[in-house]
Amino acid sequence: MLKANKHYLELKNSYLFHGIKLRVNAYLEEHPGVELLRLGIGDVTRPLCPAAVEALVRAARDQGDPARFHGYMPECGDENLRAAIARHYEKFGVKIDPEEAFVSSGASDELGDILSLFDPASPALVMEPAYPAYVDASVIVGRRVITLPGTRENGFLPLPEKGLEADLIYLCSPNNPTGAVYDRAGLAAWVDYARARGSVILFDAAYEAFIRDESPHSIFQIPGARECAIEICSLSKTAGFTGTRLGYTVIPKELERDGVNFNRAWVRDRTTRTNGVSYILQQGGLAVFSPEGQRQLEDNLSVYRDNARDLRRALEKAGLWTCGGQNAPYVWAACPVGIDSWSFFDLLLREKQIVATPGAGFGACGEGYMRFSSFASPEVVEEAARRLERL
Ligand code: PLP
C-alpha cells in the first residue's frame, strides 16, 4: 500500500487566525452592527498602481490577439523581467546577473519549494517570533527546526550564539511580525556564521520596500553573502500583488554545497516542476519595475508608512513599549503588564472595537506582545490611533 507523508500529521493546527475569527464573530453576534477597526490582517488594502493595471489589461488583450499571443513562458521567467529585477538590485549597490533572478508566483510558494534543494536531515533555524510558514514548510518535509529567541533585550534581532548548529537559516528583515530590521553588522554576523559553517541563509525580503534608513534591503549588500544566501522576495506588499501573485528569488551562480550548484539545480527544478508564471502577470511585474510604476507604488507605500507611524505614536502615548513601524508595516507592542496576548486581544476588541494579532500566534517568544498592521485605510488607522492613545 502507498505510504503517506506522515509529517503532515505533525503540523500544529494554526489556531491564530481561526481563533481571531471565532472571537470576533462571537463579539459581533453580541453587538450586531458594530464597526470593528481591523488592524489584524497582513493583507494590503490599496489597489494596484495604474501602470501595473494598464500592463495587465494590455497583456490580457495580447492573449486574445493571434499576432501578439504568447504560449508557454520561459520556466525561470521572462528575460525582460529578469533583467528588470537585476536593475532593481543596482539601486542597493548590488550586482546580480539576470540569470540569478527567478520569477515566481510569490514568496510563499518559493519558501516551500526551495527546500527541495536541501537534504531534509539538515536542521533549519527559525528566529521566533516568526512568520508561521517557515516552521510548517520544514515540518512537512521532516526537517528538524531549531529556534532562537527574539526578545526585547536583543531587539527581536537574534545573533548567532556559541554552539549553534544551524544548516539552513531563515532570516526575515524587515521582520513579520516584529517590524525589527537588521543593520549591516547584524546581517554580517549571520553571513560570517553561515560561511564558516557551510550553512545557507534563506533571506526573506518580502518587506524590503518599507526600509527608509540605511538598513540593508538585500542580504547581498553584505560581502560574502553570494557564497551563502538565497533571497526570496515578493511584489505582494511592495506593489499590492497579494491577490495577483508575483515574486522573485535570487540564487547566486557561485552558491554550492556538497557538489550541488544551487542556481543550476533550481533551473533544473523549475524546468521540471513549473511551466513558468503567466505572461499576463509577468507583464504586470515589468510595469511595477518601470520608473512610472516605481513612482506610483511609492504613493501606496507612503500611506502604509504614515499609518505605521501613527499607530506607533499612539501605542507609545498609551505607555506601551513598541518595536517596528519605522522601516516596516508592522508595529509590535508589549501588552500592558500582567496581561497575556489573547487577554489583550479581548480587551482591545471589547473596549476599543480594535482587532489586532496576538503575538502568541507567532511562537512562544511572541507571548506578551501584539502585532498591529498598517495595511488598513488611513481613516481606520486614525480612529484606532485615537482610541489606542487613551488605553
Ligand atoms: N514572507 C513573509 C515574511 C510574509 O509576511 C509573507 C506574507 O504575509 C510572505 C512571505 C508571503 O508572501 P506572498 O504573498 O508573496 O506569498
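**Domains and ligand**

Mentor: This is a predicted model. The protein is divided into domain 1, made of 11-47 + 298-389, and domain 2, which covers 50-292.

Trainee: How far apart are the centres of domain 1 and domain 2?

Mentor: Their C-alpha centres lie 27 Å apart. In the contact, domain 1 takes part with 27 residues and domain 2 with 31 residues.

Trainee: What area do they bury between them?

Mentor: About 2500 Å², with 62% of it on carbon and sulfur atoms.

Trainee: And how many salt bridges across that interface?

Mentor: Zero by the rule used. Polar contact is there, though: nine residue pairs are counted between domain 1 and domain 2.

Trainee: Which elements of domain 1 give two or more residues to the side that touches domain 2?

Mentor: Helix H10 (291-317), and the strands E11 (322-324), E12 (330-334) and E15 (369-373). By class, that side of domain 1 has 16 nonpolar, eight polar and three charged residues.

Trainee: Switching to the ligand. How many residues surround it?

Mentor: 15 residues do, and the closest are Asp204, Tyr207, Ser234, Ser236 and Lys237.

Trainee: What about serine 108, how far is its side chain from an oxygen atom of the ligand?

Mentor: An N or O atom in the side chain of serine 108 is 2.7 Å from a ligand oxygen atom. For asparagine 176, a polar side-chain atom lies 2.7 Å from an oxygen atom of the ligand.

Trainee: And arginine 245? What's the distance there?

Mentor: 2.8 Å, from a polar side-chain atom of arginine 245 to an oxygen atom of the ligand.

How values were computed. Residues are numbered from 1 along each chain as its sequence is written. This is a predicted model: local features need pLDDT of at least 70, side-chain atom pairs count only at pLDDT 80 or more; totals for chains, interfaces and linings use all residues. Side-chain values use heavy atoms; hydrogens and water are left out. Domain bounds come from an automatic or database domain assignment. Contact means heavy atoms within 4.5 Å. Buried area is the accessible area (1.4 Å probe) that two parts lose on being put together, summed over both. A salt bridge is a side-chain nitrogen of Lys or Arg within 4 Å of a carboxyl oxygen of Asp or Glu. A polar contact is a pair of N or O atoms within 3.5 Å; within protein, one must be able to donate a hydrogen and the other to accept it, and residues adjacent in sequence count only if both atoms are side-chain atoms. Helices (H or I, at least four residues) and strands (E, at least two) are DSSP runs, numbered from the N terminus. Ala, Val, Leu, Ile, Met, Phe, Trp, Tyr, Cys and Pro count as nonpolar, Asp, Glu, Lys and Arg as charged, and the others, Gly among them, as polar. A residue is near a molecule or strand if one of its heavy atoms lies within 4 Å of it.
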